[in-house]
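Biologist: Could we go through this chain together? I would like to begin with charge pairing.

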Amino acid sequence: MSNQAISKSAQAVTESASASTKAATVARDALNLSTEVSGLRGLVNGFGSQVNALGKAIGKLETAVGNAVTAAAKAVGISSEALAATG
């Protein structure tokens, strides 16, 4: 084998190893990104769940306040119809 052939063969091996290294780096980066996206999805879902729970709590509070206002109005002689007319 000539020196030139050996040199070209060595260069091909080096380029192949470099390509393999780059492919492994890309695969690792893709896996890391997938993990980050999954974590972000979990964070967003958790945040959405908390907002939903807050909305439900506000709804319950509004109902309780409405019931209290209605009960107080009836106690002082204001009818439900008159109370409803005030908006």
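Biologist: How many salt bridges does the count come to?
Modeller: The count comes to one salt bridge in this predicted model, where a salt bridge is a side-chain nitrogen of Lys or Arg within 4 Å of a carboxyl oxygen of Asp or Glu. Local features here need pLDDT of at least 70, side-chain atom pairs count only at pLDDT 80 or more, and totals for chains, interfaces and linings use all residues. Residues are numbered from 1 along each chain as its sequence is written, and side-chain values use heavy atoms, with hydrogens and water left out.

Biologist: Which side chains meet in that salt bridge?
Modeller: Those of R28 and D29, at 3.3 Å from N to O. Side chains of opposite charge can pair when their charged atoms come close.

Biologist: Why does D29 count as partly exposed?
Modeller: Because its relative accessibility is 40%; buried means under 20% relative accessible area, exposed over 50%, and partly exposed in between, with a 1.4 Å probe and protein chains only. R28 is also partly exposed, at 46%.

Biologist: Changing topic, how many helices and strands are in the chain?
Modeller: The chain has two helices and zero strands. Both are DSSP runs numbered from the N terminus: helices are H or I with at least four residues, strands E with at least two.

Biologist: What does α1 reach from its first C-alpha to its last?
Modeller: Helix α1, residues 3-75, has 73 residues and reaches 107 Å, close to the 108 Å expected. The expected span is 1.5 Å times one less than the number of residues. Just after α1, G77 takes a positive phi of about 90°.

Biologist: And where is G46 found?
Modeller: G46 is found in helix α1 and is partly exposed, with a relative accessible area of 32%. Its C-alpha atom is separated by 43 Å from that of A75, 29 residues apart along the chain.
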